[in-house]
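Let's walk through this model together, starting with how its chains meet and ending on its surface.

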Amino acid sequence: MIPLSWYLILSAALVCIGVFGVISRRNAIAMLLGVELILNAVNINLLAFWRYKDVSSVTGQVFTIMVITAAAAEVAVGLAIFIAVYRNRRSIVAEDVAELKG
Amino acid sequence: MILDQVIFLVTAVVVLAAAVLVVSVPKMIHAALWLILALAGVAVLFVLLQAGFFAVVQVIVYIGAIAVLVIFAVMLTRKAMVDDGPQLNRYSVMAGAVSLMMFAALSGMLLSWDGANALPANPAVHPDTIVNLGESLTNPQGFLLPFEVASILLLAALVGAIFIGREQRAGREEE
């Protein structure tokens, strides 16, 4: 059997790779890919805890469904915003869009 | 080593390597394709966790829908960013240090926790798990309200995405 810690370490590594991608990529779509990695790590964690600690209840699975729903909504809105930005100023670099910066 | 441990280790190596390539390859279309490999590896992990429903959902929603959306967006914005220019901003060294420290802290914390070496309490998942999940999502005493809120969230995101993404011909005249 696989110990719980293997899943937890794997998802910790996945979160850290995703955080690196979100902070350091210049392309805005690549930042969204980093967010996808983070949300997948969250799903691994939720399902691992459901399987190892609370297999008789459905709470962990319901949480996973909510995370997948939020991820789908986030990607749809995020990509629509980036395409609108690209249409207006022909750029997809995140730091070029700084109107809201104080 | 038992078979499932071998499968887990191979899948973990594939997922982590694909994830590193997602955040590091210069060509965006390659990053999107590596993301598909990482998502498929996560689906294999869901199978190992005996959550077959979520493996199917992972393939349909992430690989089938989200990855296709991302590839469309990459292709629509292709000329905006030259693929052989710098892909990482000036914070990239700091970001690498921060994420390495975060991983060290998280794994140190996990390894010092007693419950981390736990094995599954019941060797087999109850076969009615998926039935219970579906019933709890439609049960007012269960998760009916979060389920409906999630569907409203999806609808709002859909309408918002269409509104933001469409061409604004009427607005062009005032420019």
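Before counting anything, one term: a salt bridge here is a side-chain nitrogen of Lys or Arg within 4 Å of a carboxyl oxygen of Asp or Glu. With that rule, chain B and chain A share 0 salt bridges. Keep in mind that we're looking at a predicted model.

So what does the interface have instead? The rule for polar contacts picks out 6 residue pairs between chain B and chain A, with both partners at pLDDT 80 or more. On the chain B side, the residues touching chain A come from several helices: α1 (3-24), α2 (28-48), α3, α4, α5 (129-137) and α6 (144-165) each supply at least two.

Now for the extent of it. The size of an interface is often given as the accessible area lost when the parts come together. For chain B and chain A, that comes to about 7,300 Å², with 78% of it on carbon and sulfur atoms. Within chain B, the residues that lose the most area to chain A are B:V23, B:L49 and B:F54, yet together they make up 9% of what that side buries. Counted by residue, 88 from chain B are in contact with 70 from chain A.

Next, turn to the surface. A nonpolar patch there is formed by A:I23, B:Y91, B:M94, B:V98 and B:M101, which together have about 500 Å² of accessible area. Which helix gives the largest share of this patch? That's α4 (residues 92-111) of chain B, with 3 residues. B:Y91 sits in the loop between α3 (52-76) and α4 of chain B. B:Y91 counts as partly exposed because its relative accessibility is 44%.

Note on methods. Residues numbered from 1 in each chain as written. Chains lettered and ligands numbered in written order. Heavy atoms only, no water. Patch = residues over 30% accessible without salt bridge, like charges linked within 9 Å, V, L, I, M, F, W, Y side chains within 5 Å. Areas by Shrake-Rupley, 256 points an atom, 1.4 Å probe, with all protein chains shown as cover. Helix = DSSP H or I, 4+ residues; strand = E, 2+ residues; numbered from the N terminus. Buried < 20%, exposed > 50% of the residue type's maximum accessible area, 1.4 Å probe, protein only. Contact = heavy atoms within 4.5 Å. Buried area = accessible area lost by both parts, 1.4 Å probe. Polar contact = N/O pair within 3.5 Å; in protein donor to acceptor, adjacent residues only side chain to side chain.
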